[in-house]
Amino acid sequence: MKKRNTLYGLLASASVLFILYALLKNYMIDPEATFFLSHKTGLKRELNLPVWLNVMYVHVAFACIAMASGLVNFSKWIFEKKRRFHRINGYVYIVSVLVVVLTSGYMAPYATGGKISSMGFNALNILWLIITITALVQIRRKRIIRHRNWMIRSYAFCFTNLLIHLITSLFHQGFGLVYATSYTIGVYGSIALLLVIPSIFIQTIGQSKDVSFPS
């Protein structure tokens, strides 16, 4: 129980901090995405900036909603005391994921690093959607433990952007690779981590009948 309290606390802290960072950075500090767009060179498709920015705003907003709703639904108290809210909030999460995937699909052709990065983003989107749908199917079949585990795998994808930029910074600033190459490595590196880390997390919390994290 103590281990799960600690893990949920760490997850909640990371999620809240990242939501605040994403909102501040994309809506207040750099709403024109000047720094990010400065690395997009050699695009084969012309970028319609006003449209791209609006899609990005929607993308960020629903990514934050997905992260917040997913975090809330991992609460043991919510699961046990507010079952109806848990169910409705679960659908909020699924709809948010769908919007994030669709907006990411629009932005993928303009990804830093070109076609290779675009393919990586498309793979990420497909994987996230399949994993999330699998979680829904499991709960429809009353397989609560499997539902929880697939939701953990799905929720990990909320941290895609964070992982990409961490890996990009490591290779760009740490190893001196050009930014576009580092970003491409970040995209594919995040895919690997997003598939491995949740499995380790699931093994850590175990397969007990305690289907949610304590809160």
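**What the terms rest on**

Mentor: Let us start with Val 100, which counts as buried at 4% relative accessibility. Please keep in mind that this is a predicted model.

Trainee: Why is Val 100 called buried?
Mentor: Buried means under 20% relative accessible area. Val 100 has 4% relative accessibility, and therefore the term applies. Val 100 lies in helix α5, and its C-alpha atom is separated by 20 Å from that of Ala 192, 92 residues apart along the chain.

Trainee: Arg 84 lies in helix α5 as well. Why does Arg 84 count as exposed?
Mentor: Exposed means over 50% relative accessible area. The value for Arg 84 is 59%, so Arg 84 counts as exposed.

Trainee: Which residues gather with Arg 84 in a patch of positive charge on the surface?
Mentor: Arg 87, Arg 140 and Lys 142 gather there with Arg 84. Lys 142 is found in the loop between α6 and α7. At 70% relative accessibility, Lys 142 is exposed because the cut-off is over 50%.

Trainee: What is stated about phi of Lys 142?
Mentor: Phi of Lys 142 is near 65°, a positive value in a residue other than glycine. Ala 33, in the loop between α1 and α2, has a positive phi of about 55° although Ala 33 is not a glycine.

Trainee: Is Ala 33 buried or exposed, and how do you know?
Mentor: Its relative accessible area is 4%, which is under 20%, so Ala 33 is buried.

Trainee: What makes Trp 128 buried?
Mentor: Trp 128 has a relative accessible area of 6%; the limit is under 20%, and therefore Trp 128 is buried. Trp 128 lies in helix α6.

Trainee: Which residues touch the most other members of the largest nonpolar core?
Mentor: Among them are Trp 128, Trp 52, Met 56 and Tyr 93, in a core of 50 residues. The elements giving two or more residues to this core include α1, α3, α5 and α6. The largest share, 10 residues, comes from α3.

Trainee: Which residues make the nonpolar surface patch of about 680 Å²?
Mentor: Val 16, Leu 20, Leu 23, Leu 24, Tyr 27, Met 28 and Ile 29 make this patch. Ile 29 is in helix α1. With a relative accessible area of 67%, which is over 50%, Ile 29 is therefore exposed.

Key. Residues are numbered from 1 along each chain as its sequence is written. This is a predicted model: local features need pLDDT of at least 70, side-chain atom pairs count only at pLDDT 80 or more; totals for chains, interfaces and linings use all residues. Side-chain values use heavy atoms; hydrogens and water are left out. Patches are made of residues with over 30% relative accessible area and no salt bridge: like charges are joined within 9 Å, nonpolar side chains (Val, Leu, Ile, Met, Phe, Trp, Tyr) within 5 Å. Accessible areas come from the Shrake-Rupley method with a 1.4 Å probe; for residues, only the protein chains shown count as cover. A salt bridge is a side-chain nitrogen of Lys or Arg within 4 Å of a carboxyl oxygen of Asp or Glu. Lys and Arg count as positive and Asp and Glu as negative; His and the chain ends are not counted. The place of a charge is taken as NZ of Lys, CZ of Arg, CG of Asp or CD of Glu. Helices (H or I, at least four residues) and strands (E, at least two) are DSSP runs, numbered from the N terminus. Buried means under 20% relative accessible area, exposed over 50%, partly exposed in between (1.4 Å probe, protein chains only). A nonpolar core is a set of buried Ala, Val, Leu, Ile, Met, Phe, Trp, Tyr and Cys residues joined through side-chain atoms within 4.5 Å.
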